[in-house]
Amino acid sequence: MQNTRFFNNNKALGVILILIFAFTPIKSFCHSGGDHADEEVNIYSGRKGKLIEPMLEKFQKETDIKVNLITAKSDALIKRMESEGKSSPADLFITVDVGRLDRAKRMGLLQNIDSFSILNKVSPYYVDKDRQWISISKRIRTVVVSKKMKDKNDLKNIEDLANDQWKNRICVRSSNNIYNQSLVASLIANHGEEKAETLIKKIVKNFARKPSGNDRAQISAVSKGECDIAIVNHYYHLLMLNSKESEKKKAGNATEVKFLNQNNRGAHVNISGVAIPKNAKNYENAKQLISFMLDKDAQEWYAKTNNEFPVIKDAKTSQMLSSWGNIKLDEASLNKLGDLNPNAVKLMDRVGWQ
Ligand code: FE
């Protein structure tokens with residue numbers, strides 16, 4: 001009886017997935033001149049097309065490997081790979097946040113990247129300890145503060161946010177956001193769960209309002225005086241500074257980025273990264289594309305386009321990011337954040353981070 005129900009449910013799910021699949025646009029990059037390429041690579045990307053397409057087009061042109069791109073929300077793509085199982089066409093998964101890459105790994109959806117020439121391009125801190133994902137850019141989750149704030153120099157470490165001084169002054173998005181989960185996981189990695197819980201509990205008490213909105217909304221809230229400190233990823237401040245919308249630009253100009261923990265372990269760092277799904281049919285082509293993404297030119301283009309930092313040593317950081325000087329990063333924690341994600345989620349729930 002139960003088996004039949006399971007079968008029926010699965011059948012229904014299969015029909016739904018086929019329908020979703022049929023209506024999801026697949027972008028492929030045609031190029032003039034060459035014959036129809038026999039080789040291909042199918043990408044599932046949680047990153048928007050405009051942030052990766054020119055790089056993929058260049059890869060296709062240089063290698064004659066046809067690139068097919070599907071973009072959607074990262075968590076939906078993870079679910080999709082899980083449901084598709086062995087019939088999944090995905091050869092490469094592109095997403096952001098180590099917590100999310102590690103979730104796909106724990107679900108058994110990924111396989112080892114079996115190439116030392118690729119793995120050696122990047123510092124071991126930025127490669128999964130089991131070789132199931134590799135970083136392609138770095139981002140820093142830190143604070144943006146009001147330029148008017150008089151006591152901003154008192155804020156030196158992420159741990160300082162637990163002090164009474166910041167009561168009703170902190171804005172941040174909700175706990176179901178993976179960026180926040182990884183930030184909390186980094187505090188567990190560095191202090192142990194008990195101390196991390198005490199700190200996070202106090203930080204939550206200092207929130208100026210109920211968490212809502214995205215990172216940009218937190219920066220806007222600071223510029224409107226709803227709070228003095230926003231916990232955000234560094235590139236959102238740059239996106240607002242460069243925005244064509246006057247309100248956003250104004251918010252960018254009214255605020256500044258501060259990097260924390262510079263006199264100890266370094267600022268909390270996260271990544272965007274790639275992984276090869278377990279059922280990839282074009283494994284060698286996926287590896288070739290990863291290697292291409294880690295070449296100097298691709299690294300510089302991709303990092304600049306996303307306002308992020310490249311992961312290979314030779315690649316230049318954009319002028320805007322270089323102007324911030326050398327930022328010390330907490331690289332040692334990165335490989336622990338995925339394993340600690342379930343602990344972080346439970347901890348945030350216990351202390352009432354909504
Ligand atoms: Fe983001």
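Where in the chain is the place of Arg 131? Arg 131 lies in the loop that runs between helix 5 (116-119) and strand 6, helices (H or I, at least four residues) and strands (E, at least two) being DSSP runs numbered from the N terminus. The views below show a predicted model, in which local features need pLDDT of at least 70 and side-chain atom pairs count only at pLDDT 80 or more, while totals for chains, interfaces and linings use all residues. Residues are numbered from 1 along each chain as its sequence is written, and side-chain values use heavy atoms, with hydrogens and water left out.

**View A. Two residues with positive phi.** Arg 131 has a positive phi of about 60° although it is not a glycine, and with a relative accessibility of 28% it counts as partly exposed. Here buried stands for under 20% relative accessible area, exposed for over 50%, and partly exposed for values in between (1.4 Å probe, protein chains only). Asn 307, also not a glycine, has a positive phi of about 55°. Asn 307 sits in the loop between helix 12 (296-305) and helix 13 (319-322), where it is buried at a relative accessible area of 14%. Most residues other than glycine have a negative phi.

View B. Tyr 235 and Tyr 236 are both buried.

View C. Lys 58 is partly exposed at 38% relative accessibility, whereas Glu 62 is exposed at 52%. In helix 3 (residues 74-84), Arg 80 and Glu 84 are likewise four residues apart, about one helical turn, and form a salt bridge whose closest N and O atoms are 3.2 Å apart. Both ends of this pair are buried, Arg 80 with a relative accessible area of 7% and Glu 84 with one of 14%. An α-helix has 3.6 residues a turn, so residues three or four places apart point the same way.

View D. Glu 245 and Lys 248 are joined through their side chains by a salt bridge of 3.5 Å, N to O. Glu 245 is partly exposed, with a relative accessible area of 48%, and Lys 248 is partly exposed at 28% relative accessibility.

**View E. The enclosed helix 11.** Eight of the 11 residues of helix 11 (residues 283-293) are buried, so this helix is largely enclosed by the rest of the structure. The buried residues are Tyr 283, Asn 285, Ala 286, Lys 287, Leu 289, Ile 290, Phe 292 and Met 293.

**View F. The loop between strands 6 and 7, and a pair of separations.** Lys 167 is placed in the loop between strand 6 (134-146) and strand 7 (170-171), and is partly exposed, with a relative accessible area of 42%. Leu 161 is found in the loop between strand 6 and strand 7, but counts as buried, at 0% relative accessibility. The C-alpha atoms of Leu 161 and Ile 203 are separated by 5.7 Å, although these residues are 42 apart along the chain. Ser 146, found in strand 6, is buried with a relative accessible area of 10%. Ser 146 and Val 274 are 128 residues apart in sequence, and their C-alpha atoms are 35 Å apart in space.

Terms used
Salt bridge = Lys/Arg side-chain N within 4 Å of Asp/Glu carboxyl O.
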